[in-house]
Amino acid sequence: MPADADAVPVKDDKIRCDACPVMCFIKPGMTGACDRYANADGELVRVDPHVLLDRTLSHGGEVVPFVRSDEWDGSIVPQAETFVTAIGAGTTYPDYKPAPFIVSSEVDGVDMVTVVTEGIFSYCGVKVKIDTDRFIGPETHMVRVEGEAVGHVTTGEYGSQMLSLGGVHHLTGGSKKEGRVTCDALLELCNGKAVEMSIDGGATLVVQAGRAPIVNGQTETRMRVGCGSATIGIFAKQWHGKVDEVVVVDDHITGVLSEHQAGKLLGIPDTGIRLKGRRSTPGRYFQVAQPGTGWGGTDIDDPLAILGPFDPKVARPGLRLLMVSTTGEHAAYYELDEALRPVQAEMPQALVEPVDRIAENCEPALSTVLFIGGAGGSLRAGVTENPVRLTRSVKDALTYVTCGGAPVYVWPGGGITFMVDVTRLPENAFGYVPTPALVAPIEFTLKLSDYAALGGHMDYVRPLTTLDPGGRLSLPHRHDNPWPFAPQGARRSHG
């Protein structure tokens, strides 16, 4: 579709694109360095279709692409149940110019306006959550793609390992190659593509949003049901009477049934078991082994390595012991011999189902990618002549922020820093410019009266009904995303 940017013709029929700081000279029939803008017969055009979301289609209707035609046939974009996203809308760099589309519509008798633009984010990144117990690398160690540092390992969380990728220092503070590789990796992740990466002193990973992570070539399938202590709390009753002792091996908190409060409440007697590691509270042990890719995210292949000798004053020959991991992936059954040494035996049938129940209760392991960007900079000038009022309006919940129509989480504090689950946007919603920076859609929706009050570009407001459908693509709205014009009515807005 024709770009609203003020393209400047130059000699040899080239056009100078002013949609980003690169300011490419584009030959006829060619695209700029970003692949987003092209010179079509002397006209600067945005090459991807502008995306509209149609709520009616989300209830089983067909997707209807609006094919570009040379001349507008007079048809209009239907106002009802249509939301204009920023995907494919283009940019208006530098940001002192109004956003590409400032569209008004009437919703339930209220005049609304949506300001859309494809923001250029030099200061952005992604947070990656990898559902695995396996050790992927020491905290703060570098994450690399093609040998270039693109981020680091951050704090491990419940059942997951976390990465922080991108950000200002990798995009702009390192070498030219580092910035380019970082930008490429972020773009691939945000558009749902797989990216292979390595961690200094750790594992190799293949990460793809919404797909199972691959750690050292092994596809992860289960997210642990909980830590060792939580696993005992969940399944203690199901083990009761079938075994004398249970140890749930876990890198974070290893649990021991007879010492655990759940075991005490069930009247399970002491077994004389002794665990290595640091005792936190009864039945809960830290640091029983080093992190690794073995049992429960530790570096051990033999679970007996975390046990000391049984107390001969308490233990007895024939005592039954189950050792299991927090995913049920590893499990072994033992009985004490006359010397009170555990001897592995076949798992009794009565314990097979409780062990399988652990696996059944595990969530599917996924990689989750959250884009994080700050819209508190010059982008706001494309919305209003008084940018701080937009920030205040967002904080006061008068302005609803979306990213390609998807709900976002806006961080407290200064600016408009937001996060979005990339799987909730239409495909290929993100782009790039080789400054390097990521291009992400962002929409601000609010009452028309509130927009006027915050100093909006009222002269550039155009009714939705006047938009030419040519060059626009109508996609169904995701039913689990809040409808941007009725965000309070969502069944589920996050998670």
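Student: Are Lys-97 and Asp-18 buried or exposed?

Tutor: Both Lys-97 and Asp-18 are buried in this predicted model. A residue counts as buried when its relative accessible area is under 20%.

Student: What links Lys-97 with Asp-18?

Tutor: Start with the general idea. Side chains of opposite charge can pair when their charged atoms come close. In this structure, Lys-97 forms a salt bridge with Asp-18, and the closest N and O atoms are 3.4 Å apart. Lys-97 sits in the loop between β7 (82-84) and β8 (101-107), while Asp-18 sits in the loop between β2 (15-16) and β3 (25-26), so the pair ties together parts that are 79 residues apart in sequence.

Student: Which residue does Arg-320 meet in a salt bridge?

Tutor: The side chain of Arg-320 meets that of Asp-244, at 3.1 Å from N to O. Arg-320 lies in strand β23 and Asp-244 in the loop between α3 and β19, so this pair ties together parts that are 76 residues apart in sequence. Look at each partner in turn. Arg-320 counts as partly exposed, at 28% relative accessibility. Asp-244 is buried, with a relative accessible area of 17%.

Student: How exposed are Lys-264 and Asp-270?

Tutor: Lys-264 counts as partly exposed, at 42% relative accessibility. Asp-270 counts as partly exposed too, at 48%. Their side chains meet in a salt bridge, with 3.1 Å from N to O.

Student: How many salt bridges are there by this rule, and which residues are linked in a network?

Tutor: The count comes to 21 salt bridges. A network of salt bridges links Arg-36, Arg-46, Asp-48 and Glu-118.

Student: Now helices. Which residues of α3 are buried?

Tutor: The general idea concerns the turn of the helix. An α-helix has 3.6 residues a turn, so residues three or four places apart point the same way. In α3, the buried residues are Gly-228, Ser-229, Thr-231, Ile-232, Phe-235, Ala-236 and Trp-239. They cover an arc of only 150° around the axis, which puts them on the same side of α3.

Student: What covers the buried residues of α3?

Tutor: The cover includes β19 (245-249), β20 (254-256), α4 (261-265), β22 (284-286), β23 (320-325) and α5 (349-360).

Student: What span does helix α3 have between its end C-alpha atoms?

Tutor: Work out what a straight helix would give, then compare. At 1.5 Å a residue, a straight helix of twelve residues would span 16 Å, but α3 (residues 228-239) spans only 14 Å. Just after α3, Gly-241 takes a positive phi of about 85°.

Student: How far apart are the end C-alpha atoms of α5?

Tutor: They are 17 Å apart, which agrees with the 16 Å that its twelve residues should span at 1.5 Å a residue.

Student: Which residues of α5 are buried, and which exposed residues does the face turned away from them carry?

Tutor: Leu-351, Pro-354, Val-355 and Ile-358 are buried in α5. Seen down the axis, these buried residues fall within an arc of 100°, so they line one face of the helix. The face turned away from that buried side carries the exposed residues Gln-349, Glu-353 and Glu-360. What covers the buried residues of α5 includes α3, β23 and β24 (331-336).

Student: How many disulfides does a search of the whole structure find?

Tutor: A disulfide is a covalent bond between the sulfur atoms of two cysteines. Here the search finds zero disulfides. Cys-362 is in none, as the nearest cysteine sulfur, that of Cys-227, is 13 Å away. Cys-362 is buried, with a relative accessible area of 11%. Cys-403 is in no disulfide either, and the nearest cysteine sulfur, that of Cys-190, is 8.6 Å away. Cys-403 is buried, with a relative accessible area of 0%.

Student: What does the secondary structure of the chain come to, and what box do its C-alpha atoms fill?

Tutor: The chain has seven helices and 35 strands. Its C-alpha atoms fill a box of roughly 95 × 50 × 40 Å along the principal axes. Of its 495 residues, 50% count as buried. The accessible surface comes to about 22000 Å², and 51% of that belongs to carbon and sulfur atoms.

Student: Which share of contacts joins residues at least 24 apart in sequence?

Tutor: Among contacts between residues at least 6 apart in sequence, 67% join residues at least 24 apart.

Notes. Residues are numbered from 1 along each chain as its sequence is written. This is a predicted model: local features need pLDDT of at least 70, side-chain atom pairs count only at pLDDT 80 or more; totals for chains, interfaces and linings use all residues. Side-chain values use heavy atoms; hydrogens and water are left out. Helices (H or I, at least four residues) and strands (E, at least two) are DSSP runs, numbered from the N terminus. The expected span of a helix is 1.5 Å times one less than its number of residues. Buried means under 20% relative accessible area, exposed over 50%, partly exposed in between (1.4 Å probe, protein chains only). The arc is that of the directions from the helix axis to the C-beta atoms. Contact means heavy atoms within 4.5 Å. A salt bridge is a side-chain nitrogen of Lys or Arg within 4 Å of a carboxyl oxygen of Asp or Glu. Accessible areas come from the Shrake-Rupley method with a 1.4 Å probe; for residues, only the protein chains shown count as cover. A disulfide is a pair of cysteine sulfur atoms within 2.5 Å.
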